[in-house]
Amino acid sequence: MVDASTFNGQLRLTGMANLEGLTIPDGVPSMGAWGEGFVDRRHPHTYAHEIMLSGQQHFSEETVSGASFAMGKGFAPFGSDDPMVRPFLSYPVNHHLAQILERLVAVVAVRAGPVIAEAGVFNGDEPTGPDDWPELSRFGDSWSGRLTLLPLPGLEVQGSYAELNSPEHEGGEGLDQTKWSTSARLERATRAGRAYALLEWASTEEGGDVFAYHSVLAEAALHGRVLGLAYRFERTERPEEQRADEPFRTIRPQLDNSILGRSRWSIHTVALDAALADDWPGLSVAPFVEVSAGRVTSLTPASFDPVAFYGRDTFWSITAGVRIGLGMRLHRMGRYGVALPEMPAHDASPHHEMMH
Amino acid sequence: MLLAVALAACSDSTEPPPSPTPTAVTAFDGDNQQAQAAVALPQPLRARVTDAEAQPVSGVTVSWSVVSGGGSVSPTSSVTDANGIAATTFTLGGHAGAQTAQAAVTGLTGSPVVFTATLILTSSHDIALVATVPIPPNYGMHDTYVRDGLAFAFAWNTGVRIYDVGNGIAGGTPAAPARVGSLVTNGSVDATDPSVHNGWWFHNPATNETRYLFVGQEGPGSIGTSSRGDIHVVDVSDLAHPVEVAFFHHAPVDGQPAGVHNFWMDEEHAILYAAYYNAGVVALDVSGTLSGDLSSRVIDEIRPGGAGNTYVWGVMLAGDGSLYASDMLSGFWHLKLQSGAFSVLGGGNNVAQQFTSDLWVHGGAGYSGTWETRTLPGNDVKVWNLSSGNPVASAAIAIPDVGTISDLQVSDDGRWMAVTAEYGTGAGLYVYSLANPLVPALLASFPVASPSGGLHTGTIASINGRDYVFAARDPSPESPAMMIFDVTEAVR
């Protein structure tokens with residue numbers, strides 16, 4: 001991970017290498033997850049998850065208003081934060097509805113007081129594997145815009161729109177997508193630690209109005225000096241696509257641009273963690289346990305019956321582990337230059353590493 | 001007193017020993033044999049039942065059954081002899097690879113005992129790949145139609161490509177196809193991309209015309225709900241410069257768009273039968289000159305499975321005028337068009353474990369493919385006994401390690417069948433002997449293996465006395481291509 005700036009912060013390089021392609025090449029089980037050829041497993045990200053260079057200029061020394069330009073491999077200005085920097089280990093089902101990431105992207109942002117406007121162009125193709133790079137020839141075939149309001153300290157409200165050219169077919173012959181997202185994000189320092197909440201709605205229409213998928217998600221976390229408690233609920237629709245010989249993989253590219261049907265996943269997740277090793281500068285150790293319970297229903301019952309396919313339509317999962325951080329904190333991914341709102345003051349709790 | 005003692009002693013010595021209690025069943029012999037399809041293994045399968053002292057137990061009934069491979073056992077139960085041995089004969093099915101049968105005795109240790117046998121290919125000759133014709137990766141290539149030495153490749157957004165593969169007009173051969181023309185057909189109101197999927201070159205016996213090529217457009221769809229894509233009619237009088245002259249667009253069904261899939265033609269009566277997914281089966285009058293909108297040419301249409309249970313993949317006309325249809329959701333149907341009206345004669349709702357794909361009928365047998373997993377993987381070729389006209393499930397041939405059987409076709413003489421398979425290490429081309437039409441026996445195979453690819457379709461063609469399969473290679477992991485296989489030696 002790199003986060004370096006120069007010229008008094010006017011030029012900034014942010015980046016993150018991601019080795020999931022080595023550690024979880026076959027993804028990791030995740031209830032309802034889908035995308036990039038995986039299903040019911042979250043896909044590994046690309047090795048170069050983010051490499052963005054941004055230049056920004058404030059209109060005066062006393063104001064946060066200014067303009068910036070960022071370019072590199074990273075996030076299109078659309079939707080909410082990367083789940084990687086949110087309180088849960090398990091990704092939400094709506095990852096591919098609510099974020100557009102790992103693209104060759106150029107973003108212009110302008111901030112005037114509490115208003116941030118961003119526009120970006122990028123390549124529509126999503127990665128096909130951890131070592132995949134964006135198709136250079138497709139740079140600029142897709143675009144997005146995001147408008148963010150900062151009405152109160154720590155509170156941001158955004159609405160965004162994107163038009164993607166053939167994200168699921170590298171050659172550009174697949175279905176195009178139109179995406180909408182709106183969310184409200186609150187992050188506040190408390191006497192003991194921090195409070196965080198996100199309320200999100202996202203929608204993707206594919207092939208004009210041929211297929212439509214919607215998602216609502218609400219999550220909140222409260223962190224004290226040691227313990228943290230987080231809860232997430234989401235209700236997300238996803239495509240049901242033909243599976244490959246391996247049941248956790250779908251066919252890429254999907255033949256005939258057709259799908260089996262659509263399903264809706266409703267999932268509750270609760271996470272509890274404890275921040276240890278607080279006395280060691282730069283080191284964080286946070287054991288956690290995360291429990292999810294969910295139900296899947298078919299929106300096209302003739303073609304996809306979850307009970308027939310899975311043997312049941314309710315699921316639960318439990319995940320336990322330890323997050324270990326050493327060195328710099330995770331930065332907030334998905335915003336660059338003046339589009340990155342200043343963070344509220346907070347303490348040095350390792351919990352921040354899970355959310356920034 | 002002495003007598004009494006003597007009687008007592010005699011009585012003790014003549015009492016039968018206590019019956020041994022069977023405790024275990026094991027394989028005695030017969031495991032790991034080989035045979036051809038529909039042929040019994042050289043040696044019977046034998047299981048041995050013993051007691052706690054490892055002594056044989058007679059009189060125990062052993063149940064025999066086939067676990068995998070589609071073969072049969074006879075008898076299905078047998079009783080152990082004085083050596084504790086029970087036996088059965090295992091006749092192999094047509095499945096590729098290993099086949100298994102088991103011996104079971106309830107409550108005994110080791111039950112069930114599984115015996116494995118291996119199918120021997122009935123042809124010692126390989127399938128020969130004679131040409132791989134690259135297709136631009138504009139999504140892929142879906143189907144081929146071969147007739148009179150011309151191959152029509154239906155290549156999605158690349159359109160239709162016409163190759164001389166033995167016709168003589170451009171000197172092409174199956175090993176060196178020569179392109180003579182191409183056309184990108186129009187989109188439709190529901191689907192803007194050409195999405196060229198399949199076709200049929202109409203030879204009109206009444207006029208001897210070979211003017212029209214019907215092209216199917218496959219737009220995006222959702223199984224059981226919606227589909228998109230029109231029939232496009234192309235004038236191929238000048239093969240070098242084909243021209244689209246007419247189209248047929250189906251109106252929405254229950255508020256959902258409907259699109260076309262595979263064709264069959266009754267050329268004698270100039271009727272085009274089109275599988276129309278959620279719209280069922282549509283019969284079109286294609287006699288005379290075709291121009292513009294053909295919506296007035298509908299003879300009749302039918303949704304054999306009814307609303308919500310119809311998504312027809314393919315249709316085929318049999319020699320007796322019966323029309324058979326394969327429906328992804330509701331299976332294998334027997335239909336008929338009489339006096340301009342469709343009727344259901346039988347079949348249907350007979351494949352529940354997978355989605356049904358393509359079909360073929362020949363003589364008294366029918367065949368259909370399967371794809372995707374409903375409760376079982378879609379790797380079966382279903383065999384249907386059509387001796388009564390209506391389909392009766394006869395057998396199922398599983399191709400291991402594939403996710404889809406997407407296409408199948410029987411040779412004109414009924415001797416053999418080509419099957420294409422996708423998605424898995426077993427993906428590729430398979431050819432079967434139909435010496436016994438209800439028990440296809442694997443002759444040979446050619447792997448085009450890929451977790452996300454393989455061969456999507458295969459079309460049989462006889463060119464200059466040799467037998468070929470023209471196959472469409474999926475766009476993953478390699479580029480799409482038309483692969484041409486010479487199967488002459490394998491199917492002889």
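This is a predicted model: local features need pLDDT of at least 70, side-chain atom pairs count only at pLDDT 80 or more; totals for chains, interfaces and linings use all residues.

My entries follow, starting with chain A as a whole and ending with the sheets of chain B.

**Entry: chain A overall**

I looked up the secondary structure of chain A and found 4 helices and 17 strands. Its radius of gyration is 20 Å, close to the 21 Å that the globule rule gives for 356 residues, so chain A is as compact as a globular protein of that length. I also took the extents of the C-alpha trace of chain A along its principal axes, and they come to about 60 × 45 × 35 Å.

How much of chain A is buried? I get 49% of the 356 residues. For contacts in chain A with a separation of 6 or more, I note that 62% are between residues 24 or more positions apart.

**Entry: strands S16 and S17 of chain A**

I went to strand S17 of chain A, residues 314–326, to check burial. Of its 13 residues the number buried is 0, so the strand lies largely in the open. What does S17(A) pair with? Its partner here is strand S16 of chain A, residues 283–298, running antiparallel to S17(A) with 13 bridges between them. One pair I picked out is A:Ser292, which stands opposite A:Ser317 in S17(A).

**Entry: A:Phe233**

I clicked on A:Phe233, which sits in strand S14 of chain A, residues 227–240. Being called buried would take 20 or more.

Leaving out residues up to four places away in sequence, I see A:Phe233 touching A:Ala218 and A:His268. I also checked A:Phe233 against A:Phe315: they are 82 residues apart along the chain, and their C-alpha atoms are separated by 14 Å.

**Entry: where the chains meet**

I listed the contacts between the chains and got 28 residues of chain A against 30 residues of chain B. Which classes make up the side of chain A that touches chain B? I find 12 nonpolar, 9 polar and 7 charged residues there.

**Entry: nonpolar cores**

The largest nonpolar core has 165 residues, and I noted B:Tyr273, B:Val281 and B:Val431 as those with the most contacts inside it. Strand S35 of chain B, residues 416–424, gives the largest share of this core, 6 residues. There is a second, separate core of 21 residues, and among its members I wrote down A:Ile100, A:Leu101, A:Val107 and A:Val338.

With neighbours within four places in sequence left aside, its contacts include B:Tyr273, B:Ala275 and B:Tyr276. Further along the chain B numbering, the list for B:Val281 takes in B:Glu301, B:Ile302, B:Val312, B:Val315, B:Ala325, B:Leu335 and B:Phe342.

**Entry: sheet S11 to S14, chain B**

I traced an open sheet of 4 strands in chain B, with the order S11-S12-S13-S14 and antiparallel pairing. Strands S11 (143–147) and S14 (178–183) of chain B stand at the edges with a single partner strand each, so one side of each has no neighbour in the sheet. The twist averages 20° from one strand to the next.

Within it, strand S13 of chain B (residues 160–164) pairs with S14(B) over 5 bridges, antiparallel. I marked B:Ile162 as standing opposite B:Gly181 in S14(B).

**Entry: sheet S26 to S29, chain B**

I found another open sheet of 4 strands in chain B, ordered S26-S27-S28-S29, with antiparallel pairing. Its edges are strand S26 (312–317) and strand S29 (341–347) of chain B; each has a single partner strand, so one side is left without a neighbour in the sheet. Here the twist averages 30° from one strand to the next.

Strand S28 of chain B (residues 331–338) is joined to S29(B) by 6 bridges and runs antiparallel to it. B:Gln338 stands opposite B:Ala341 in S29(B).

**Entry: strand S20 of chain B**

Last stop: S20(B), residues 243–248, runs antiparallel to strand S19 of chain B (residues 231–235), with 5 bridges. With strand S24 of chain B (residues 292–293), S20(B) runs parallel, over 2 bridges. I followed B:Phe247 across both pairings: B:His232 stands opposite it, and in S24(B) its bridge partner is B:Asp293.

Methods
Residues are numbered from 1 along each chain as its sequence is written. Chains are lettered from A and ligands numbered from 1 in the order in which they are written. Two strands pair if DSSP finds at least two bridges between them. Axes are lines fitted to C-alpha atoms, for helices over the stretch in contact, and angles run from 0 to 180 degrees between N-to-C directions. The radius of gyration is taken over C-alpha atoms; the globule rule is 2.2 Å times the number of residues to the power 0.38. A residue is buried if 20 or more other C-beta atoms lie within 10 Å of its own, exposed if 12 or fewer, and partly exposed in between; C-beta atoms are placed from the backbone. Two residues are in contact if their C-beta atoms, placed from the backbone, lie within 7 Å. A nonpolar core is a set of buried Ala, Val, Leu, Ile, Met, Phe, Trp, Tyr and Cys residues joined through C-beta atoms within 7 Å. Ala, Val, Leu, Ile, Met, Phe, Trp, Tyr, Cys and Pro count as nonpolar, Asp, Glu, Lys and Arg as charged, and the others, Gly among them, as polar.
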